[in-house]
Amino acid sequence: MMIWIAFALLTALAALSVLVPMARARKETVSPAANDAEVYRAQLHEVERDLERGLIDAEQAEGARTEIARRLIAAGRAGSSQESGEAKGETSLRFARLAAIAMLPLAAVGLYLELGSPDIPDQPLAARIAAADANTDINLLVAQVERHLAENPQDGRGWEVLAPVYMRLGRTTDAVNAYRSAIRLLGSDARRETDFGEALTIANQGLVSAEARVAFEKAVAADPKAAKPRFFLAIALGQEGKTQEAIAAWQALLADAEGNEPWVEVALSELKKIGGEPPAAASAPGPSVEDVEAAGAMSDEERAQMIGEMVARLDERLARDGGSAEEWMRLIRAYQVLGEKDKTAASVKRAAAALRDDPAASEALRSLAQEIGVPL
Amino acid sequence: MTRKQRRLTLIGSAGVVLALAAGLILYALNDQIVFFQSPTDIVARTIPEGSRIRLGGLVEEGSVTRGDNARVSFKVTDLEASVPVTYVGLLPDLFREGQGVVAEGVIGQDGIFHADKVLAKHDETYMPKEVADALKDKGVWQGEEKPK
Amino acid sequence: MIVEIGHYALVLAFVLSLVQSVVPVYGALKADNRLMATAAPVSGMLFLLVGLSFAALTAAYLSSDFSVVNVFENSHSAKPLVYKISGVWGNHEGSMLLWVLILVFFGSLVAAFGRNIPDVLKAATLGVQAWITAAFLAFILATSNPFLRLLPAPAEGQDLNPILQDLGLAIHPPLLYLGYVGFSITFAFAVAALILGRLDAAWARWVRPWALLAWLFLTLGISMGSYWAYYELGWGGWWFWDPVENASFMPWLAGTALLHSALVMEKRSALKIWTVLLAILTFSLSLLGTFLVRSGVLTSVHAFATDPARGVFILAILCVFIGGSLALYAWRAPALKQGGIFAPVSREGALVLNNLLLTAACVAVFVGTLYPLALEALANDKISVGPPFFNLTFGPIMVPLLMVVPFGQFLAWKRGDLLAVAQRLWAAFAVAIGAVLVVAWSQGVEHVLAALGIGLAFWVIAGSLSEILSRARFRDVGLATGIRRLAGLPRSAWGTVLGHAGLGVSVLGIVAATAFQTEAIRTLKPGETMTISGYDLTFRGIAPRRGPNYVEDVAHLEVRHGGTLVSELDPAKRVYPARQQPTTESAIATYGFSQLYLSVGEVRNDGGVDMRAYYKPLVTLIWLGTLVMAAGGVVSLSDRRLRVGAPKSGRAQPVPAE
């Protein structure tokens with residue numbers, strides 16, 4: 001309600017700024033020539049002053065005087081011809097009043113209702129944090145911890161607690177910074193370096209950067225048997241195109257595995273992708289690290305279902321929105337790895353149709369089709 | 001001088017000044033503008049030695065080596081061809097391997113690009129416009145683009 | 001509630017500006033006093049409403065109200081207070097709101113202080129100003145509304161570009177906009193005069209103070225922007241001929257021309273057509289600058305906006321206002337009566353030459369700025385027009401301008417005597433030649449161009465000073481009377497001298513800093529020393545440090561000159577975690593008018609740090625000169641003659657002692 005009173009006050013003020021001066025103004029007009037004449041008279045004074053000071057000589061002064069006098073006369077003439085300008089436009093006056101009283105509020109409120117959100121109150125951060133209970137929005141809890149850390153940036157434990165929360169919220173860049181601070185303050189160990197490297201990799205859309213690699217290498221140095229950092233290092237080797245070394249790394253990693261770890265399937269598919277011999281059974285490509293971790297907690301049946309669902313989702317999206325060459329090829333590989341021969345062939349055809357206009361992608365597609373033995 | 005003569009003098013001298021300025025601008029446009037080239041352009045075409053160009057592309061991964069006294073050499077690539085570059089000076093804050101870069105300078109007899117100016121991305125989401133366009137032409141660029 | 005009140009005030013301002021666009025202009029055409037009377041109060045009301053709106057947005061920034069999309073996108077609760085405030089206009093939406101705020105601010109200034117302006121002209125001018133206001137408010141509401149809300153509100157904002165987190169930049173846009181947008185009022189005056197068909201010497205007198213005010217702010221804004229780029233970007237340059245800089249420089253060149261041609265119009269009633277055209281062109285260039293910077297045509301730090309819808313909208317505004325005003329001009333201008341005549345060699349002639357050269361310079365900058373864009377749009381060729389182009393075109397055009405500046409001040413109106421003026425300028429000429437010889441002798445003959453440049457700077461400074469001294473006539477009247485005569489000179493005369501001398505000072509700084517700059521690039525390990533222009537810089541080490549919202553590695557260096565410690569420098573590499581963006585913080589030590597400029601680069605694995613040091617002689621004169629110019633503007637503005645013209649107050653009230 002308050003807000004509408006405020007709007008009404010503002011609108012009334014605006015309307016009055018039009019109405020009051022109209023009501024108070026004199027009806028007759030003043031000729032602008034009077035202002036002109038004033039300027040020219042002042043100019044004449046200036047000429048006199050300049051002459052007194054000797055800035056101009058008498059001849060120049062005389063010339064200037066004549067010129068200004070001529071303008072002065074012209075202004076006087078213009079003034080007398082306009083003097084009779086008696087205002088008569090009562091209609092226009094009525095229109096102006098109507099504009100101020102009716103159009104101003106109607107148009108302003110109408111437009112505001114279209115654009116504004118009168119029912120959303122102000123939400124200053126300080127008030128929101130004060131109002132936040134323990135079980136409200138996780139974002140606000142994070143904000144609280146952030147405030148604490150802003151004041152005590154040396155609190156390594158705080159950073160360490162915050163980092164995985166950031167990861168869960170998808171704020172990977174913040175997670176990277178938090179892990180970095182935790183390592184700086186609490187020291188490096190295998191787990192922190194691994195988590196740090198993982199955060200960096202996810203923040204980089206799956207690319208293992210040089211910094212992440214260093215972190216994983218530190219983790220392996222601290223704990224040579226740790227699977228996770230070795231897993232990422234193998235991925236890094238693959239990404240760098242060092243195929244032979246990558247194959248060796250995957251094989252070494254798989255050799256140490258018991259076989260039911262969540263990452264094994266990804267490892268197998270990665271290994272297969274770069275042409276290495278898998279020591280054991282086949283698996284599905286492409287899920288993110290979190291998905292794989294989630295898959296680790298499932299039964300084999302559930303896992304197969306999850307993978308199938310993921311592929312179906314990708315398929316659906318590509319059918320609906322289309323996608324990049326890379327995404328199409330991922331789909332083709334997925335079906336191939338899942339052993340769905342028909343769907344593999346069908347997806348190759350669909351990809352060929354979708355990527356028709358892109359010579360480079362078509363070329364890549366052709367070589368993929370050749371590789372997996374599907375006719376294009 | 002009559003009134004007419006005065007006006008003619010005025011207009012004439014104005015014409016002379018403007019003509020001189022126009023000539024100067026045209027001459028400078030012919031001589032002083034710098035064309036943008038991708039590494040493929042440079043490898044494919046022969047560029048007259050000593051003419052200034054802007055070279056844009058990505059800094060090739062692992063190609064950056066640093067010498068004494070802020071001398072640095074690296075390769076600029078559009079993932080098809082790459083051109084070696086040397087530069088003496090401080091690299092911009094956002095110069096990184098694998099990221100977009102624009103170098104301005106001349107190609108030497110040795111085929112090495114001697115840059116006297118190096119520009120990098122201005123922030124994390126922005127790549128020098130020319131680089132992004134050139135990479136898009138090559139089908140390499142996959143960055144997100146705002147709908148036009 | 002505060003946010004929504006700000007939003008409503010903005011909408012109301014838009015509707016009110018529509019009323020203002022029609023009522024007073026119609027009143028002026030019909031000579032109806034009652035309709036015209038609304039112009040001034042409504043202008044004040046518009047300022048109040050937009051001001052309220054701006055204050056509401058500022059309040060949202062201060063309280064980190066992330067339910068406002070604009071605040072969420074451009075602020076962060078950990079940001080220092082002053083940058084929360086500057087964040088209001090550090091983004092597209094907020095800066096457009098500031099743009100309009102300044103637009104209505106100038107309107108209300110004319111309403112409040114333009115008492116000497118005839119009612120008809122004032123009403124029409126404020127009406128035209130309201131057209132611009134309405135167009136830009138429509139732009140804001142349709143494409144760039146800063147008051148859009150977000151539910152549920154995010155817990156933290158996304159910070160501001162750290163490069164923009166700088167005190168100089170916090171003040172830079174407001175000052176630049178004051179100048180840019182200030183020229184809207186001279187545009188409104190010109191269009192109003194064309195509509196009313198009344199253009200005479202008196203008009204020039206009413207417009208001049210407003211042109212001067214806008215010019216003053218624009219001068220300061222450009223100067224501050226240049227200094228910001230100099231110490232923040234870490235490249236040691238102070239002018240890059242970057243399109244964004246050019247966008248503000250073109251209106252400055254045209255505005256400077258306007259100041260001079262308006263003088264001719266006021267004194268001699270000549271150059272009317274040209275002056276009106278300049279008034280239109282100057283603001284058109286301001287609009288063009290706004291378009292270039294705001295539409296995202298140029299991709300650079302300044303171009304925050306990348307949404308093409310905005311570009312098209314501003315382009316439409318640009319076309320309507322420029323096209324419309326030029327059409328009106330083509331229709332009305334031929335009807336104007338011829339003004340006073342003058343000989344080619346006269347004060348008027350000199351001012352015409354000044355206008356020609358400034359216009360040519362403006363055209364050169366215009367071509368260099370737009371040619372690459374046009375070529376890319378039409379031929380898809382990518383080129384860059386860099387400093388070499390501008391040095392080759394702008395430079396040669398400026399040289400004759402600087403040479404004639406002192407002559408212009410001495411020449412009489414109507415018909416001047418070049419020989420007599422030359423005689424009175426011999427002292428200044430001697431000073432200039434002396435400067436050339438001293439520089440050439442001390443720096444070697446290979447610096448002959450630099451020597452000539454410095455001579456030119458001294459010529460301008462000494463020439464403008466000798467004009468004011470010759471007016472005192474110390475030789476004829478003695479010291480005491482001379483000083484009295486100087487004090488009695490009109491303030492506008494002092495303004496001219498300061499403006500021209502400031503220009504000379506800037507030129508001196510530009511030439512010296514460009515020609516005699518020395519540069520050294522070294523990789524230093526702690527304990528090592530590098531030498532530049534007689535200064536020994538010893539690297540003492542590099543250490544991390546934590547700021548309010550960044551972390552940085554600070555290098556520490558000691559500077560010795562002839563063995564004694566003269567200063568300590570702490571350049572740094574800074575990273576803002578919220579955006580993972582590094583910046584370079586250069587360190588500057590000032591000795592007299594010269595500066596030592598140091599920035600750090602890569603830290604090597606072996607502990608070595610890349611350092612780049614410049615010694616820039618007299619570099620601060622570049623900005624000091626612009627301050628002197630601006631001071632000239634202030635002094636001129638205080639000249640009471642610019643306020644003459646009110647029929648009553650002019651005579652009845654005694655003018656207060658100044």
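I count two residues as in contact if their C-beta atoms, placed from the backbone, lie within 7 Å. I note also that the model is predicted.

**Entry 1: chains C and A**

I looked up the contacts between chain C and chain A and found 69 residues of chain C touching 66 residues of chain A. On the side of chain C, the elements that give two or more residues are α1 (2–30), α2 (33–36), α3 (39–62), α7 (119–143), α9 (201–232) and α19 (479–488). The largest share belongs to α1(C), with 15 residues. I then sorted this side of chain C by class, which gave 38 nonpolar, 15 polar and 16 charged residues.

**Entry 2: chain C as a whole**

I recorded 22 helices and eleven strands for chain C. The radius of gyration of chain C is 27 Å, close to the 26 Å that the globule rule gives for 658 residues; chain C is therefore as compact as a globular protein of that length. Taken along the principal axes, the box filled by the C-alpha atoms of chain C is roughly 80 × 75 × 55 Å. I find that 57% of the 658 residues of chain C count as buried. Of the contacts in chain C between residues at least 6 apart in sequence, 74% join residues at least 24 apart.

**Entry 3: confidence in chain A**

I checked the pLDDT of chain A, which averages 78, with 84% of the residues scoring at least 70. Within chain A, confidence is highest in helix α1 (residues 2–24), at a mean of 92, and lowest in helix α14 (residues 289–296), at 54. I also noted that residues 280–287 of chain A have a pLDDT below 50, and that this stretch has 26 contacts in the model beyond near neighbours in sequence.

**Entry 4: helix α8 of chain A**

I examined helix α8 (residues 172–186) of chain A, whose 15 residues reach 20 Å from the first C-alpha to the last, close to the 21 Å expected at 1.5 Å a residue. The buried residues of α8(A) include D174(A), N177(A), Y179(A), R180(A) and I183(A). Against which elements do the buried residues of α8(A) pack? I found α7 (156–169) and α9 (190–203) of chain A. After α8(A) comes G187(A), with a positive phi near 95 degrees.

**Entry 5: strand β6 of chain B**

I turned to strand β6 (residues 100–107) of chain B. Six of its eight residues are buried, so β6(B) is largely enclosed by the rest of the structure. Strand β2 (residues 53–59) of chain B pairs with β6(B) in the antiparallel sense over six bridges, and R54(B) stands opposite E104(B) in β6(B). Strand β7 (residues 113–120) of chain B also runs antiparallel to β6(B), joined by seven bridges. I noted F113(B) in β7(B) as the bridge partner of I107(B). Five residues lie between the strands in the hairpin of β6(B) and β7(B), where G111(B) takes a positive phi near 80 degrees.

**Entry 6: V17 of chain B**

I located V17(B) in helix α1 (residues 3–32) of chain B. Leaving aside neighbours within four places in sequence, I found V17(B) in contact with L356(C), L357(C) and A360(C). I also looked up V17(B) and A115(B), which are 98 residues apart in sequence and 37 Å apart in space, C-alpha to C-alpha.

Definitions and conventions. Residues numbered from 1 in each chain as written. Chains lettered and ligands numbered in written order. Predicted model: local features only at pLDDT ≥ 70, side-chain atom pairs only at ≥ 80, totals over all residues. Helix = DSSP H or I, 4+ residues; strand = E, 2+ residues; numbered from the N terminus. Nonpolar A, V, L, I, M, F, W, Y, C, P; charged D, E, K, R; others polar. Expected span 1.5 Å × (residues − 1). Buried ≥ 20, exposed ≤ 12 C-beta atoms within 10 Å, placed from the backbone. pLDDT = per-residue confidence, 0-100. Pairing = 2+ DSSP bridges. Rg over C-alpha atoms; globule rule 2.2 N^0.38 Å.
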